[in-house]
Amino acid sequence: MPDAVVIGAGPNGLVAANLLADAGWSVEVLEAQSEPGGAVRSDREVHPDYVNDLGSSFYPLAAASPVLAALDLHVEGLRWSHAPRVLAHPLPDGRCAVLDRDRDRTAAAMDAFAPGDGAAWHHLCRIWDRIGPDLLGALFTPFPPVRSAARLAARLRGAGGLRLARTMLLPVRQLGEEEFSGDAGRLLLAGNALHADLAPEAAGSGGFGWLMTMLGQTHGFPVPVGGAGALTASLVRRLRRRGGALRCGERVVEVVVRAGRAVAVRTARGECVPAGRAVLADVSVPSLYGDLVDPRHLPGRLVQDLRRFQWDFATFKVDWALGKPVPWTAGEASSAGTVHVADGVDALTRFAAQIAMGQVPDRPFALFGQMTTADPSRSPAGTESAWAYTHVPQRVRGDAGADGITGVWNPREQEAMADRMERQVERFAPGFRSRIRARRILAPPTLQALDSNLRGGAINGGTASLHQQLVFRPLPGTGRPETPVKGLFLASAGAHPGGGVHGAPGANAARAALRKLSPSVVLSLAQRALTPRSRNDDPRQGRR
């Protein structure tokens with residue numbers, strides 16, 4: 001009998017399993033898909049000469065995560081690479097906002113839009129220098145993050161206190177207009193806020209946009225050499241070297257509860273897998289509380305609150321094998337790993353408003369990844385492995401475009417939406433479509449079939465809006481990994497701190513499960529987490 005059963009071999013599940021194995025627990029991970037990784041996988045199915053990532057690709061949160069740093073994944077062969085520039089946001093007139101790991105270069109690019117904006121950028125960077133480490137400490141530890149929060153509060157007082165708190169709660173449109181005279185800084189902040197489901201007018205979108213931009217400025221947007229699957233492979237190798245077991249093709253359909261405690265899980269094949277100490281669930285919140293656990297084991301209030309759980313936007317993604325690099329009109333975009341494709345902040349507002357109304361956007365905001373630019377191993381020299389994703393409503397009520405997309409996502413609608421995205425890219429890179437050798441469409445139901453946690457392609461495990469964060473994540477009063485069932489812990493992005501590949505939900509769940517261990521074991525784990533990481537494991541030191 002294993003001490004712990006982990007449901008799901010996504011990054012959070014694998015992080016949780018590794019930490020439990022480090023503590024001496026026997027661990028068995030059960031994954032529904034035929035291979036591990038969840039949304040962190042890659043393959044050569046678009047074209048045999050090209051490596052394409054199925055889900056996530058760039059990892060600023062992984063680069064900043066003390067959880068992943070403590071696992072020493074470089075020992076398992078994980079290497080990181082960077083594009084020459086972190087991010088670009090080209091405009092139709094040929095101008096381009098640029099985020100570089102050198103803040104002076106970023107500032108100089110902003111001054112080219114509006115003199116003085118470079119100094120405004122340095123001001124935001126100095127705020128990050130003062131509070132960034134403690135902010136990340138608060139982000140990556142269980143809620144409430146008492147120690148990190150205390151240090152952060154002290155830093156906030158020195159950095160402006162209530163005024164800074166107000167700044168972080170601003171909508172990103174307002175923050176950009178207060179801080180910058182020109183478009184560059186506003187575009188970088190607003191585009192990064194929409195990496196989540198935060199519209200330019202949403203409260204707190206300014207803080208999130210600033211956080212993501214500062215992570216890019218400080219750590220870059222690194223990629224695993226050889227594909228996203230390399231990150232998953234390193235976690236699996238580490239787990240197996242520590243005696244952990246992983247079984248794929250094993251879909252869990254029930255958490256077995258006896259006398260108020262999780263004691264086993266049952267698979268779709270009818271196998272009962274006992275858990276001696278704990279069950280950790282790297283599954284979505286609706287799946288855990290709506291499918292795996294019988295409602296009679298849950299408080300009535302939680303079951304009622306589950307009806308109000310809000311998913312983040314659905315996602316539509318296209319992968320390409322390009323015969324040549326993307327011919328951006330704005331040359332600076334050619335050297336960026338990530339490119340934001342939209343006419344400006346007003347276009348981002350329009351895009352988010354259409355989704356809020358249930359309409360498929362007519363000019364979709366595309367997050368575009370140039371993977372060979374970031375990692376030359378992804379495709380032959382002179383070519384580009386690329387992708388773009390955009391957001392669409394979870395429930396489609398209409399099409400703002402002319403294609404009559406209804407949200408059934410049959411082959412006709414998938415092809416129409418992919419063509420719409422390509423036309424949007426073509427506006428900023430004339431000739432783009434002529435360079436396509438092959439493409440793959442990952443519509444919302446396709447993404448969900450690849451990873452059941454991605455409901456309709458929702459990539460953050462639930463909305464990032466303020467009403468479903470901190471003590472409200474995933475439901476009011478459930479801001480920690482513990483659940484109402486003893487020995488059952490939520491280890492997915494549905495838990496605090498939410499989406500992104502950083503391992504914190506899995507680590508928080510593992511620490512909660514280990515809480516009753518002897519003080520000596522807990523101290524050993526704490527010391528490991530605080531051990532400085534090797535330079536070789538620092539994603540910021542990848543090749544350019």
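**Helix 10.** I then looked up burial: 13 of the 15 residues are buried, so helix 10 is largely enclosed by the rest of the structure. Buried means under 20% relative accessible area, exposed over 50%, and partly exposed in between, with a 1.4 Å probe and protein chains only. Just after the helix, I found Gly220 with a positive phi of about 75°.

**Ground rules.** I noted that this is a predicted model: local features need pLDDT of at least 70, side-chain atom pairs count only at pLDDT 80 or more, and totals for chains, interfaces and linings use all residues. Residues are numbered from 1 along each chain as its sequence is written, and side-chain values use heavy atoms, leaving out hydrogens and water.

I traced an open sheet of 7 strands with mixed pairing, in the order 7-6-15-17-18-14-20. Strand 7 (96–99) and strand 20 (436–442) are at the edges with a single partner strand each, so one side of each lacks a neighbour in the sheet. Strands pair if DSSP finds at least two bridges between them. Strand 17 (residues 366–370) runs antiparallel to strand 18 (residues 384–392), with 4 bridges. In strand 18, Trp387 stands opposite Gly369.

**Gly276.** I located Gly276 in the loop between strand 12 (272–274) and strand 13 (278–281). Its relative accessibility is 41%, so Gly276 counts as partly exposed. Gly276 and Pro2 are 274 residues apart in sequence, yet 6.0 Å apart in space, C-alpha to C-alpha. Leaving out residues up to four places away in sequence, Gly276 touches Met1, Pro2 and Asp3 (contact means heavy atoms within 4.5 Å).

**Salt bridges.** My search of the whole structure gave 40 salt bridges (a side-chain nitrogen of Lys or Arg within 4 Å of a carboxyl oxygen of Asp or Glu). Glu201 and Arg173 form one at 2.6 Å, N to O. That pair links distant parts of the chain: Glu201 is in the loop between helix 9 and helix 10, and Arg173 is in helix 8 (residues 172–179), 28 residues apart. I also checked Arg308 and Asp305, which meet at 3.9 Å, N to O. Arg308 is exposed at 64% relative accessibility, whereas Asp305 is buried at 14%.

Key:
Helices (H or I, at least four residues) and strands (E, at least two) are DSSP runs, numbered from the N terminus.
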